[in-house]
Amino acid sequence: MSEVVLQSIVKRYEAVPAVDNISLSIGEGELVALLGPSGCGKTTTLRMIGGFIPVTEGRILVGGRDVTHLPPNKRNMGFGFQNYALFPHMSVGENVAFGLQMRKVSRADIARRVKIALDRVKLAHLSDRLPKQLSGGQQQRVALARALVIEPDVLLLDEPLSNLDAQLRNEMKLEIRRIQQQLGITTIFVTHDQDEALSIADTVVLMRAGRIEQQGAPDDLFERPASHFAAEFMGVTNLLPGEVAGSDRFRLKGGDTILVPVAGRAGPHAFAIRPERLEIDGEASAANTLSAEVEIATYRGLVIDYRVKTPSGLCLTARRPSPAAGGPAPLPVGRPVRVSFAPEAGTLVPM
Amino acid sequence: MGLVSINRIYAAISAVVMAFVLLPLVAVVWVSFFSNRILSFPATGYTFDWYVRAWAQDSFRNGFITSVETALVAVVISLVLGVPASLALVRYRFPGRDAIQTLLLSPMVVPGIVGGAALFMAFIELEIILDMDISGSLPGLFIAHGLIALPWTIRLVTAALVGMSPSYEEAAQSLGAGRITTFFRVTLPIIKPGIVAAALFSFVISFIDLEKSIFLVGPGRTTLQIALVSYLEWNLDSTVAAVATVQILIIGVLLVASDRYAKLSRAF
């Protein structure tokens, strides 16, 4: 269990940076999610920490120890692979025992520790099975047991849930969190799924094009995205470009002016507001009200998404509970509506 | 045209092709049992005599032993060189990688006669420099057959490695295994089917070679194929058919066996 510090990590492939100057401090026992679209450098960063990809520049410290140039087998890190990478020719028990054999642990201790590790993931009864005889979720658990049995300083997980179906993913997510907290092990996991990152990480690090776009607690990122990209990636579908036009005013492209907290910003920005925060036909006294017309209605089970268009050509998506969730009757396409929102319901992000 | 009739046409074409491939083999096996003293049709009777006579012939018996020995050594050479080479070619990126791969596969595309002649001349040059026998010696033959088998080993082992995710090796390393331990405990067992297939196939490729060997055998140390050709120069009876039948059997068994380990089609 150790803190992990990345100091200005750079990875270049023939002058093209895949990871471009990343500095990050991960506290002991913290669970950090590296989040981002494919190609953002998150997996490259994780693999550099694991020692599978040489670092072009910068240093990696684990518990104060410089591991930048150590081979993976000298780093004492547990690595969970996207495809689990269980050795197909070894039984579950042998897979888990492998790391202990490498550490020259005595036979009796190996048996005991393998048992504990498999108990932790509730699979002790499958010790003699071959990996191919297990389900995806069971394989993931074995992989986790195998990575943890060596008592690593850090646990690294590469898209641990991407090969599981939705229900199992949820279960595994909680399981990873439970074990991580039980052992208090510093954990870094890579994902492209914001929901995954938000629901189990202590800190979410959003990456883009090899750099850190924004980092913070899950609610921080979700509620206060600091950039256009962050807002978009965190699921803010309404990003309205425009320009700051006063101490509390923002002029949208197309001409409408809205009231928003400007907080000292100036110049071109986008107003980011979630579809849930747009009210349809709410109180007439709301600070910002735009008249519009329903263009498309998308039924999504518990909610209905309405794409509305203002006379100035502005397109917005508003979300309302569907009748199934106790919401009002659906609106027909073409119906004129009033869309309103409070100034603090959204944020300005730089373009 | 309906699907059924298209399938019928495919079936008919397949049957013709199969017949074209198999008929000579069937004919050889059949002829090997003819009791005619000189190879001719129709059979006057049937006998096992030719098999007995074949084994009684020194040239065939010794040729068979030499061929088996040579093939076994060729297997060892091709594996010892081919497995590490495949590993390097698949797992690492380095300058000249493509060139090396082409070079290692080239014995497959150079006509056997050309390769044999080239080796023969190279051996002669070496003999002059080193003042020792190579061209007519067993080691010379071994080296040549190792070369014949090498590209096939590289093909099969490379295919096995490409099909194996590097994450197995990375997992072993992250668990504390060094490169060598990783190779023996993880890589080798996982690509074992490819290696077994490569070994069996190398054996066959070496065993059936005629063109390269013809330049490189010394007096009294010929391979079975060369013994067969020499015999045919002066004799025309069913002994050759008997020897061929035994070979068909051995090679058939080996090919079926290696195909069970790794689909040979992946090597082509």
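Q: How many residues of chain A are in contact with chain B?
A: Happy to start at the interface of this predicted model. A contact here needs C-beta atoms within 7 Å. By that criterion, 14 residues of chain B take part, and the residues of chain A that they touch number 19.

Q: Which element gives the largest share of the side of chain B that touches chain A?
A: Two elements of chain B give two or more residues to this side, namely α7 (167–174) and α8 (179–207). By type, the residues on this side are seven nonpolar, six polar and one charged. The largest share is six residues, and the element that supplies them is α7(B).

Q: What percentage of the residues in chain B is buried?
A: A residue counts as buried if 20 or more other C-beta atoms lie within 10 Å of its own. The C-alpha atoms of chain B fill a box of roughly 70 × 70 × 30 Å along the principal axes. Of the 268 residues in chain B, the buried part is 37%.

Note on methods:
Residues numbered from 1 in each chain as written. Chains lettered and ligands numbered in written order. Predicted model: local features only at pLDDT ≥ 70, side-chain atom pairs only at ≥ 80, totals over all residues. Contact = placed C-beta atoms within 7 Å. Helix = DSSP H or I, 4+ residues; strand = E, 2+ residues; numbered from the N terminus. Nonpolar A, V, L, I, M, F, W, Y, C, P; charged D, E, K, R; others polar. Buried ≥ 20, exposed ≤ 12 C-beta atoms within 10 Å, placed from the backbone.
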